[in-house]
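Please work through the following exercises with the sequence and the model at hand.

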Amino acid sequence: MRAATRLEYATADDPALNYCLWQYVPAAPAEDKFRSVNLLWHSFEVAGLDARAGAIVEAIRDAIGPFRTVFGVKLLPQGLAWELYFYDYERQGRTVSAARVLEAIAPWVRSPVRVDENLPYFMFSIDLDARIAAGEQELDVVHMYIGNPHSQVSSGIAYAVRERATTLENFYFFFDARTQQREAGEKISCSAYYDTGSLPLERILLPELKACQTICVANKQTHDCVYFSGIVVDQLLFFLERLRYPAALVDFVREHRGRLDHLRFDVGFDYRVEAGRLVVLKSGYYGVC
Amino acid sequence: MTQQQPDAFRGLVDGQDIVVEFGQGGPEGVTGGSRIVLPAETARRLLARLGDTLARFAPEALAQDAPLRGTTPLNAPPDPAGERAALTLRLVAGLGAPRNHERSFRLAPGALTANRFLLSLNPVDIPGDAPARVLQACEGLGMPQAVRAEVARRFGEVACVHFGFEEGGSRMLSKLYLEFELGEAARQRARAQAEPLLLHLAFKWAPGDADAVVSRYWLHPGLTAQGIAERLLAMYPQEAQRPSLEIARSVLELAASRAPAGALQYLEVTEDGNPRRSWDLNCYDAVLQLKDVQEALYAMRDRFGIRPGQFQALYDQVRDSRFGHLAGGIHRDGADFFNVYYGVSGYPRVVARLA
């Protein structure tokens with residue numbers, strides 16, 4: 001089904017949720033405007049993804065309900081990819097479990113991964129790319145996120161759960177963009193991948209995006225990542241153009257700006273600083289479906 | 001504490017503490033009283049205790065000259081449409097027969113109405129004097145006397161009755177459809193002569209009406225999909241109606257691709273004395289869900305200028321329901337419309353012959 005024929009519109013009762021499924025106050029009245037899921041549908045169409053991708057998303061929504069899945073549209077050197085994130089802060093009392101989601105998508109996606117549901121994860125995510133959507137490749141990893149008790153900063157730890165082993169992946173640290181911007185900058189600057197003398201911090205903590213609600217800094221195995229949460233549509237346009245997203249994606253947001261201006265978006269990019277140059281490894285923007 | 005009874009207070013947050021000052025209210029605010037500083041947790045407990053304590057006092061007892069407070073009515077004002085719909089459900093349930101329940105929504109220029117349903121029963125399942133009991137239910141719904149005799153006269157030919165309710169704009173309509181038994185011989189004759197057969201005779205009235213609108217539903221038996229398409233073309237003769245024709249055709253095409261050959265039932269509807277000319281396509285045998293015809297539904301939404309958020313709120317609830325009928329054409333008010341019927345369910349079970 002073409003994206004244009006499956007566009008969804010915000011109702012008066014739609015929740016406004018960010019990429020952590022935390023509520024936010026919409027930037028403008030929402031009714032009759034676009035739901036953020038339209039960005040996902042459109043990205044599938046731009047990428048020429050198999051129709052199974054849409055069926056996978058619908059199956060998940062049918063299984064766990066609407067507005068419970070966070071999607072990420074990623075731009076990698078090899079093209080577009082996606083990741084679907086699921087939160088249940090009840091942890092072991094969860095209803096949204098990896099087992100439940102994997103069962104829901106089983107008709108389209110094979111996966112040998114089994115997550116121990118006794119573990120206190122509050123979030124997990126699965127990757128979706130063209131080959132997985134087409135059924136040509138199984139889902140061989142589930143990313144599991146757990147908390148970081150007694151940390152002075154809101155934070156989480158991510159693991160890659162595979163059939164035969166679980167390995168440590170990333171650390172995430174959240175900062176209030178208004179009151180902890182200095183701290184966020186210090187966190188970015190304290191890195192094995194960033195010589196602060198070689199590149200101004202503003203190249204990472206972008207002035208155009210740091211006027212947001214939350215800044216998240218992630219330490220990953222070979223690089224770092226920064227996320228800007230709660231930006232408005234014009235900031236999203238800046239991000240898409242700055243990070244050189246496909247023109248079709250940018251044009252869609254620009255064309256429908258008036259129908260997207262109620263949403264607050266979340267974006268991020270993975271990077272290393274090499275010889276004084278910012279190398280963006282991948283980036284992404286997020287929404288809820 | 002001062003001896004004078006405080007009649008005013010003010011509060012403020014000081015770091016982690018809640019500060020409440022009691023005193024006398026006046027032009028300069030709260031004066032001459034006491035100041036209490038509470039940790040937030042203590043304030044929270046105090047609030048809970050105060051709430052429990054004050055619950056023992058009726059609001060009017062707090063002060064004789066207290067300003068009037070807004071009161072929540074014990075029962076919300078009755079909604080006429082809700083009451084009428086509930087009456088319909090109650091009267092039909094009272095007939096004591098298994099029945100099917102089918103919902104629908106209507107799209108028309110600038111309007112989306114979804115408070116509509118049909119209840120279908122087989123008279124042979126109604127205990128006792130079925131015609132009399134059906135008429136009694138109709139009387140309970142205010143069916144005009146002028147048409148009750150016609151219902152009684154035709155009841156012997158009836159295979160099925162359908163009670164309907166519809167709320168639209170400022171009007172509510174009650175409906176009774178008499179569905180006639182059409183034998184195979186009659187169907188074959190009609191097919192051979194390319195003549196329609198009267199399948200339903202329907203009576204539609206609003207509370208207090210002296211008369212009812214009478215609608216005739218004409219079955220065109222044995223039409224192929226191509227034959228139905230040709231009749232739809234005749235239903236929309238004007239160029240301005242072409243988008244509605246395309247929507248109808250798209251649904252016909254999908255249903256025909258999924259249903260056994262000849263399984264789609266096509267009716268046309270006429271009413272005496274008004275311009276209604278409409279059609280009804282039964283798609284149950286195509287085994288579709290509403291989301292399968294999403295493109296057509298969105299096209300209807302856009303054609304009639306219905307607010308997308310309003311439509312989305314309805315569609316989110318019904319998209320997985322079984323798609324039943326699509327009706328369309330020109331209504332008695334001269335407006336282009338579509339009715340979408342869906343999700344038949346049964347009490348206590350779905351009666352297949354009624355579906």
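This is a predicted model: local features need pLDDT of at least 70, side-chain atom pairs count only at pLDDT 80 or more; totals for chains, interfaces and linings use all residues.

Residues are numbered from 1 along each chain as its sequence is written, chains are lettered from A in the order in which they are written, and side-chain values use heavy atoms, without hydrogens and water.

**Exercise 1.** Describe the interface of chain A and chain B.

*Solution.* 
1. Contact means heavy atoms within 4.5 Å; 14 residues of chain A touch 14 residues of chain B in this sense.
2. About 1,000 Å² is buried between the two chains, 42% of it on carbon and sulfur atoms. Buried area is the accessible area (1.4 Å probe) that two parts lose on being put together, summed over both.
3. On the side of chain A, the most area is lost by A:Thr5, A:Tyr9 and A:Asp32, together 42% of what that side buries.
4. Five salt bridges cross the interface, a salt bridge being a side-chain nitrogen of Lys or Arg within 4 Å of a carboxyl oxygen of Asp or Glu. A:Asp32 also forms a salt bridge with B:Arg307 (2.7 Å, N to O).

**Exercise 2.** Which residues of helix 8 of chain B are buried?

*Solution.* 
1. Helices are DSSP runs (H or I, at least four residues), numbered from the N terminus; helix 8 of chain B spans residues 294-303.
2. Buried means under 20% relative accessible area, exposed over 50%, partly exposed in between (1.4 Å probe, protein chains only).
3. The buried residues include B:Gln294, B:Leu297 and B:Tyr298, and also B:Ala296, B:Met300 and B:Arg301.
4. Just after this helix, B:Gly305 has a positive phi of about 65 degrees.

Terms used: Helices (H or I, at least four residues) and strands (E, at least two) are DSSP runs, numbered from the N terminus.
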